[in-house]
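Visitor: I would like to learn how to read a protein structure, one question at a time. Could you show me one and take me through it?

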Amino acid sequence: VDLPIMSANQKTFTFQLRDNLKFSNGHDLSTQDVEFSFKVALTPSINLISYTNYIGFLDKNSVKLINSNEIEFTLSSLHNSPYTLLNFPIIDQEEFVERYDQCLEGVTEDCLWNNPNGADVISAGPFMISDIDNVHEIVTVVANPFYYRTTEIYADKLIFQKIADKNAANSALAADLIDIMDQHYNSDLQW
């Protein structure tokens, strides 16, 4: 989506979805998926990390479907950075609605949506998870063939590895074992 239209009171935001958006599994992405995702984000029994960010500003009545391409969010009170509140993951309703319903019925394992192997990650962005190696802390993502701008994806694959020590990260960068590292490591290398 592009930036939303914000109301004069800075509490209501109207989003227009682009045409032909798809998830990485090929399912269409609709405003119903956005509405479902919002409902999931406000469900405390589901282990999404965003719940505590929303509860003071959004509730189950905060979302309104306008038409098949337009959706509106209304904050219950002003927020100094409202776009951060509206930055929640879009979840494929077709894929997850049964698990959501089971979770609400008390099936605890259906409330756990962060499968460590990446099976629960279905993307609408330019990349999608290919593999998660929890032992070596490596995540591999590949280009999403259903991304709406496939001509703007300039890499076929990206590999992310956790290197917890600054010196080890700098050594890996110096030895060309990695191409980039987190800015918080403040590389000592001279270019």
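Visitor: Which exposed residues does the face of helix 4 turned away from its buried side carry?

Guide: This is a predicted model, and in its helix 4 the residues Phe 96, Tyr 100 and Cys 103 are buried. They cover an arc of only 55° around the axis, which puts them on the same side of helix 4. The face turned away from that buried side carries the exposed residues Glu 94 and Glu 98.

Visitor: Which helix is included in what covers the buried residues of helix 4?

Guide: An α-helix has 3.6 residues a turn, so residues three or four places apart point the same way. In helix 4 the buried residues are Phe 96, Tyr 100 and Cys 103, and what covers them includes helix 1.

Visitor: Which element gives the most residues to the largest nonpolar core?

Guide: The largest nonpolar core has 29 residues, and those with the most contacts inside it are Phe 73 and Trp 113. Strand 2, helix 1, strand 4 and helix 4 are the elements that give two or more residues to this core. The element that gives the most, with 5 residues, is helix 1.

Visitor: Which strand gives the most to the lining of the second largest pocket?

Guide: The second largest pocket has a volume of about 420 Å³, and among the 14 residues that line it, the closest to its centre include Ile 159, Phe 160 and Gln 161. The lining divides into 10 nonpolar, 1 polar and 3 charged residues. With 4 residues, the strand that gives the most to this lining is strand 7.

Key:
Residues numbered from 1 in each chain as written. Predicted model: local features only at pLDDT ≥ 70, side-chain atom pairs only at ≥ 80, totals over all residues. Heavy atoms only, no water. 1 Å grid on protein atoms, 1.4 Å probe; cavity = no way out; pocket = protein on both sides within 12 Å on 5 of 7 lines; lining within 4 Å. Points joined across faces, edges and corners; volume = space filled by probe spheres on them. Nonpolar A, V, L, I, M, F, W, Y, C, P; charged D, E, K, R; others polar. Core = buried A, V, L, I, M, F, W, Y, C linked by side-chain atoms within 4.5 Å. Buried < 20%, exposed > 50% of the residue type's maximum accessible area, 1.4 Å probe, protein only. Arc of directions from axis to C-beta. Contact = heavy atoms within 4.5 Å.
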